[in-house]
Amino acid sequence: MRDLRISITDRCNFRCLYCLPETEEAADFYRRKSESSEAPQPIRHEWKPRSHFLTYEEITRVARIATGLGVTKLRLTGGEPLLRRAVPELVRQLSELEGINDLALTTNGFHFDKHAEALRAAGLRRVTFSLDSLDRDNFKKLTGRDGLGELLAAITRARELGFAPIKINAVIIRDLNDHEIEVLAQFARDEALTMRFIEFMPLDSGRAWQREHVVTGREIRERLQAAFGLEPAGMEHAAATATRWRFKNSKKGQGEIGLISPVSEPFCGQCNRLRLTADGKIRTCLFSLHEHDLKPLLRGNATDADIIQWLQAVVLKKEPRHHIGETDFEQPARTMSAIGG
Ligand code: SAM
Ligand code: SF4
């Protein structure tokens, strides 16, 4: 396990149709798509007091212990991580840990501008934004927020401050934003960004996911191949989730495409990720049906040695693979927003 993803809040100011589909437009989209008259029961978000969530000191302690066990990569996520107070303070604590060679943040970008400088000064080097549409109305439909302008400004700001590489995540859903695949790729090329197309996974709070909504990585690749011509850009490392492509005849740094295909081409066998939820649960897989509660140890009098032993036992229980698309698949009770993508 080399990669620890830390969710610092399960709250969010967006209502993405593939994550927290709580808007009228989301209901409309899925209603039109659904063949069955019985709507699935949505997963409701429960309000919890602040003490329910790990403090920055507790998070840093877990990260320090994890780095001692071989973790080299940390990512802060959520919910929307920038809704939590004083995130640069946490970044500073984490960036000072020995053994971390990659510290990143995933954000919807809406509040990035006001924290950008402090985040950079605290030691953040890398940021990933979520951007699923370049059309203002479609962006609003997808996210529940009229925030395309803020997001584009955030990307510009990140570049000015020297964050690199800047990656963009786009979840593509059939009949919603699949007509924008080429436009998003062109944006990556023009702006010299890494655009990562992600397959829609059954982790939405509406439990409305259907296989038919998924636009596979292969289909996206074929379309981009036809529109631009692509050539392989090599693997980042053996456990990387994305296959990487460059625009034909372009040089390194002139935009890149990443295809993340967990539904159609699972990469579970190479997975080296662990997740820590905002309320202190370790999840060994996005699709885990069991989670491991670390908070009682952190708030009891467990020593670091106790936690090391506990973590090692937990990791040995990591699931061999997910079961999306199989008859025995069961969607976890937590949504992506409460796990941390
Ligand atoms: N709020 C931040 C953001 O949107 O960037 C961070 C948390 S969000 C859960 C992390 C990533 O998960 C986003 O890039 C989002 O697109 C992705 N995501 C959320 N729900 C998903 C789903 N059902 N399938 C695939 N990716 C999903
Ligand atoms: Fe919020 Fe991110 Fe989920 Fe969108 S994907 S609802 S921004 S947590």
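Which side chain has an N or O atom 3.0 Å from an oxygen atom of ligand 1? Select Asn169 and you have found that side chain. It is a polar contact (a pair of N or O atoms within 3.5 Å).

Before moving on, a note on the model. It is predicted, with local features needing pLDDT of at least 70 and side-chain atom pairs counting only at pLDDT 80 or more, while totals for chains, interfaces and linings use all residues. Residues are numbered from 1 along each chain as its sequence is written, ligands are numbered from 1 in the order in which they are written, and side-chain values use heavy atoms, without hydrogens and water.

Next, select Tyr18: a polar backbone atom there is 2.8 Å from a nitrogen atom of ligand 1. Then go to Met201, where a backbone N or O atom lies 2.9 Å from a ligand nitrogen atom. Taken alone, ligand 1 exposes 550 Å², and the protein buries 95% of that (Shrake-Rupley areas with a 1.4 Å probe).

Now show the shell of 18 residues around ligand 1; Gly79 and Ser130 are among the closest (a heavy atom within 4 Å). Colour the shell by type to see 7 nonpolar, 9 polar and 2 charged residues, with Gly counted as polar and Tyr and Met as nonpolar. Strands S3 (102–107), S5 (166–172) and S6 (194–199) each give two or more residues to this shell.

Finally, zoom out to the cartoon, which has 11 helices and 12 strands (DSSP runs, helices H or I of at least four residues and strands E of at least two). The C-alpha trace spans about 60 × 50 × 35 Å along its principal axes.

Key
Polar contact = N/O pair within 3.5 Å; in protein donor to acceptor, adjacent residues only side chain to side chain.
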